[in-house]
Amino acid sequence: MTSPTSPLTILLLFLLTTLAGHATAEDPSESPLPTDVLQAVKEMCDGYAERIMPGILEYDEDGDGKVQLRPLVSDLMKRGFARTSPFPPGMDDELERSKFARNQEWQANADREIAKEFGTDDEGNILKIGVSSAIQSMMLGYLNRMGPLDVDKDGKLNFKEYAMGFPVTDKQEVDEDGHTEEQYDYFKKNDKDRDGFIKGKEYIGEQDYWLNLLVGKFVGILMIPKADTNGDETLSREELAAILPDAEELPESVPLAESVYWIRELEEEEIAALEKNLSKLPSET
Ligand SMILES: [Ca+2]
Ligand SMILES: [Ca+2]
Ligand SMILES: [Ca+2]
């Protein structure tokens with residue numbers, strides 16, 4: 001598991017916060033992005049909504065195909081959603097504690113924002129199209145904000161411009177130009193045509209990566225009660241192993257009431273496995 005203060009986690013948290021912190025409605029018709037990019041964003045977000053809806057429908061108790069947003073969020077909050085985790089036992093270092101607290105605040109904020117923007121009908125029921133447009137809004141908000149990084153205004157980001165979007169923490173090693181390995185890695189990964197610039201749909205590649213993680217975590221948070229197969233409100237090691245069979249390390253047990261905190265710290269491959277395996281489990285009875 002990634003420790004809460006590893007550079008990658010900080011980067012992830014930063015991006016989640018960047019995404020989530022801008023969840024105010026972004027109207028696609030007012031976006032400066034080209035039509036083909038907007039269309040690609042829409043399709044991507046429809047796909048994310050497709051993935052999220054089965055998790056939401058787990059909360060459809062009367063089977064009418066509708067789930068109300070407010071009670072759903074209250075349910076999730078009982079497991080740590082939109083809340084900050086208490087300090088782990090033995091975390092005494094002041095600096096470590098303040099970083100942990102800040103990270104938790106970011107995560108809780110990301111939760112609040114993702115749920116707040118879900119579109120509902122007049123009765124407060126969550127709509128698939130409302131889920132898709134909430135994610136689109138987050139994504140467009142971020143894409144539109146890439147603009148200011150483009151200092152020389154040539155419509156694309158060179159490495160120096162791109163790297164400004166990634167904060168370097170005091171614990172990260174930097175080269176003589178003040179850049180981290182992660183910055184180079186992410187730039188290389190997203191510069192798909194290798195022309196030395198991030199432009200057009202390459203912006204989306206970045207977003208798609210982080211949103212994929214965010215959506216995977218959210219589906220995990222929605223479906224985690226299914227893993228409690230004996231219904232004792234605790235995920236035993238056996239129950240955890242059933243959903244993460246390949247995990248190298250698993251906690252002894254995780255109370256359902258703290259399951260969101262546990263999911264927040266999972267790594268990329270674990271999040272993917274969690275979503276896949278929880279989807280296969282029968283619904284909670
Ligand atoms: Ca530029
Ligand atoms: Ca490129
Ligand atoms: Ca159990």
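**Figure 1. Contacts of glycine 119.** Apart from neighbours within four places in sequence, glycine 119 contacts Leu127, Ile129, Gly130, Ser133 and Ala134. Two residues are in contact if their C-beta atoms, placed from the backbone, lie within 7 Å. This is a predicted model: local features need pLDDT of at least 70, side-chain atom pairs count only at pLDDT 80 or more, and totals for chains, interfaces and linings use all residues. Residues are numbered from 1 along each chain as its sequence is written, while chains are lettered from A and ligands numbered from 1 in the order in which they are written. Glycine 119 sits in the loop between α4 (94–116) and α5 (128–145). Helices (H or I, at least four residues) and strands (E, at least two) are DSSP runs, numbered from the N terminus. The C-alpha atom of glycine 119 is 6.1 Å from that of valine 131, twelve residues apart along the chain. Is glycine 119 buried, partly exposed or exposed? With 16 other C-beta atoms within 10 Å, glycine 119 is partly exposed. The cut-offs are these: buried means 20 or more other C-beta atoms within 10 Å of the residue's own, exposed means 12 or fewer, and partly exposed lies in between, with C-beta atoms placed from the backbone.

Figure 2. The 23 residues of α4 should span 33 Å at 1.5 Å a residue, and the end C-alpha atoms of α4 are 33 Å apart, which agrees. The expected span of a helix is 1.5 Å times one less than its number of residues. For α5, 18 residues should span 26 Å, and its end C-alpha atoms are 26 Å apart, in agreement. α5 is mostly covered, with 13 of its 18 residues buried. In α4, the buried residues include Phe100, Trp106, Ile114 and Ala115. Asp111 and Glu113 of α4 are also buried.

**Figure 3. Packing of α2 against α8.** Helix α2 (residues 35–57) packs on α8 at an angle of about 10 degrees, with the axes 9 Å apart. Axes are lines fitted to C-alpha atoms, for helices over the stretch in contact, and angles run from 0 to 180 degrees between N-to-C directions. α2 is therefore roughly parallel to α8. Angles under 35 degrees count as roughly parallel, over 145 as roughly antiparallel, 65 to 115 as roughly perpendicular and the rest as oblique. From α2, the contact includes Val37, Met44, Tyr48 and Ile52. From α8, Ile204, Leu211, Phe218 and Leu222 are among the residues taking part. By class, the contact of α2 with α8 has 14 nonpolar residues, one polar and three charged. Ala, Val, Leu, Ile, Met, Phe, Trp, Tyr, Cys and Pro count as nonpolar, Asp, Glu, Lys and Arg as charged, and the others, Gly among them, as polar.

**Figure 4. Packing of α8 against α11.** Helix α8 (residues 201–223) and helix α11 (residues 268–280) meet at an angle of about 45 degrees, their axes 9 Å apart. The two helices are therefore oblique to each other. α8 passes α11 in a left-handed crossing. A crossing is left-handed if the near helix is turned anticlockwise from the far one by less than a right angle, and right-handed if clockwise. Leu213, Gly216, Lys217, Val219, Gly220 and Met223 of α8 face partners in α11 that include Ile271, Ala272, Leu274 and Leu278. Seven nonpolar, three polar and three charged residues make up the contact of α8 with α11.

**Figure 5. Packing of α5 against α8.** The angle between α5 and α8 is about 135 degrees, and their axes lie 11 Å apart. α5 is therefore oblique to α8. The crossing of α5 and α8 is right-handed. Ile135, Met139, Tyr142 and Leu143 of α5 contact Tyr203, Gln207 and Leu211 of α8. The contact of α5 with α8 has six nonpolar residues, one polar and no charged ones.

**Figure 6. Two loop residues with positive phi.** Lysine 153 has a phi of about 55 degrees, although it is not a glycine. Lysine 153 lies in the loop between α5 and α6 (159–163). Lysine 153 is exposed, with 7 other C-beta atoms within 10 Å. Glutamate 233, also not a glycine, has a positive phi of about 70 degrees. Glutamate 233 is placed in the loop between α8 and β1 (234–236). Glutamate 233 is exposed, with 12 other C-beta atoms within 10 Å.
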